[in-house]
Amino acid sequence: MLKTRQLTADNTALEQAVAAVASAMADPSRVKMLCALMDGRAWTATELSAAADVAPSTASGHLTRLVDGKLITCLSQGRHRYYRLAGHDVAELVEQMMGLSWSRITPPETTAPKTMREARTCYDHLAGSVAVEIYEFMQADGWLEPDGSSLTPRGREAFLRAGISLSDKPRRKACCACLDWSERRFHLGGEAGAALFIHLESKGWIQRVAGFREVVVTASGRVAIVRHFTG
């Protein structure tokens with residue numbers, strides 16, 4: 001009887017926690033803020049109010065809900081306060097929600113600039129048409145399991161051969177298929193996606209555009225990506 005009561009109490013606590021997370025996300029303005037924070041940077045309340053197209057006073061209430069829901073954290077630096085996603089698990093949740101949502105509506109024609117559609121950050125990994133092409137090559141060449149949930153032995157060997165570091169015991173998803181909102185196809189997420197992004201950036205094959213999610217593929221990068229990841 002005691003075990004049954006404890007199990008019931010645990011289930012109730014879990015249900016309340018799930019409802020709290022869902023409630024924190026259940027507003028279009030808060031969703032806009034979470035999507036803006038998917039670039040991996042820390043944003044000010046003013047920047048997030050502009051991204052959500054709401055007044056600063058309204059944004060303050062939304063940010064409080066997101067902080068209380070443990071979806072974002074607030075960082076103080078001098079007189080300034082910055083907000084960022086609470087962690088990789090939150091970014092993965094937002095990605096999953098975006099993918100689930102796209103599958104239930106008729107996607108509108110995207111109005112995103114061509115450069116953003118080609119390459120951009122998606123939290124800590126690469127998104128856009130370039131990233132989708134890389135993912136499709138990895139799938140076709142047997143680097144990934146069919147559902148994109150992990151690298152195959154061939155894939156791990158290819159990553160290591162390319163000099164891309166991978167943890168033997170990652171603290172997050174080792175690999176995942178992340179639905180690309182502009183391409184409506186998958187790109188590489190998880191630890192493998194982050195490691196690939198770091199590798200491409202360290203080689204000078206891609207460059208971030210300061211203050212934006214846009215990523216520039218350099219001339220040498222275009223050649224290297226074709227040679228190593230899409231050829």
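In this presentation, contact means heavy atoms within 4.5 Å. The model under discussion is a predicted one, in which local features need pLDDT of at least 70 and side-chain atom pairs count only at pLDDT 80 or more, while totals for chains, interfaces and linings use all residues. Residues are numbered from 1 along each chain as its sequence is written, and side-chain values use heavy atoms, with hydrogens and water left out.

Let me begin with Leu93. Setting aside neighbours within four places in sequence, Leu93 touches Val21, Met25 and Leu71. Leu93 belongs to helix α5, residues 88-102; helices (H or I, at least four residues) and strands (E, at least two) are DSSP runs, numbered from the N terminus. Is Leu93 buried, partly exposed or exposed? Its relative accessibility is 31%, so Leu93 counts as partly exposed; buried means under 20% relative accessible area, exposed over 50%, and partly exposed in between, with a 1.4 Å probe and protein chains only. Between Leu93 and Leu71 there are 9.7 Å in space, C-alpha to C-alpha, and a separation of 22 residues in sequence.

For the chain as a whole, the count is 10 helices and 9 strands. Of its 231 residues, 41% are buried. Among contacts with a separation of 6 or more, 55% come from residues 24 or more positions apart.

I turn to helix packing. Two packed helices are described by the angle between their axes and the distance between the axes. Helix α2 (residues 28-36) packs against helix α4 (residues 56-68) at an angle of about 70°, the axes being 10 Å apart. Axes are lines fitted to C-alpha atoms, for helices over the stretch in contact, and angles run from 0 to 180 degrees between N-to-C directions. The arrangement is therefore roughly perpendicular for α2 and α4, on a scale where under 35 degrees is roughly parallel, over 145 roughly antiparallel, 65 to 115 roughly perpendicular and the rest oblique. From α2, the contact draws on Ser29, Arg30, Met33 and Leu34; from α4, on Ala59, His62, Leu63, Arg65 and Leu66. Beyond its neighbours within four places in sequence, Ser29 contacts Ala52, Val54 and His62.

The last topic is the aromatic residues. How many aromatic pairs does the structure hold? There are 4 aromatic pairs. Rings of Phe, Tyr and Trp (its six-membered ring) pair if their centres lie within 6.5 Å; planes under 30 degrees apart count as stacked, over 60 as edge-to-face and the rest as tilted. The Tyr135 and Phe186 rings have centres 6.2 Å apart and planes at 50°, so this pair is tilted. This pair links distant parts of the chain, since Tyr135 sits in helix α7 (residues 129-140) and Phe186 in strand β7 (residues 186-189), 51 residues apart. Tyr135 is buried, at 5% relative accessible area, whereas Phe186 is partly exposed, at 39%. Phe137 and Trp143 form an edge-to-face pair, 5.5 Å centre to centre with 70° between the planes. Both Phe137 and Trp143 are buried. One aromatic cluster consists of Phe137, Trp143, Phe159 and Phe229.

Finally, helix α7 itself. Its buried residues are Ser129, Val130, Ala131, Val132, Ile134, Tyr135, Phe137 and Met138. Following α7 comes Gly142, with a positive phi near 80°.
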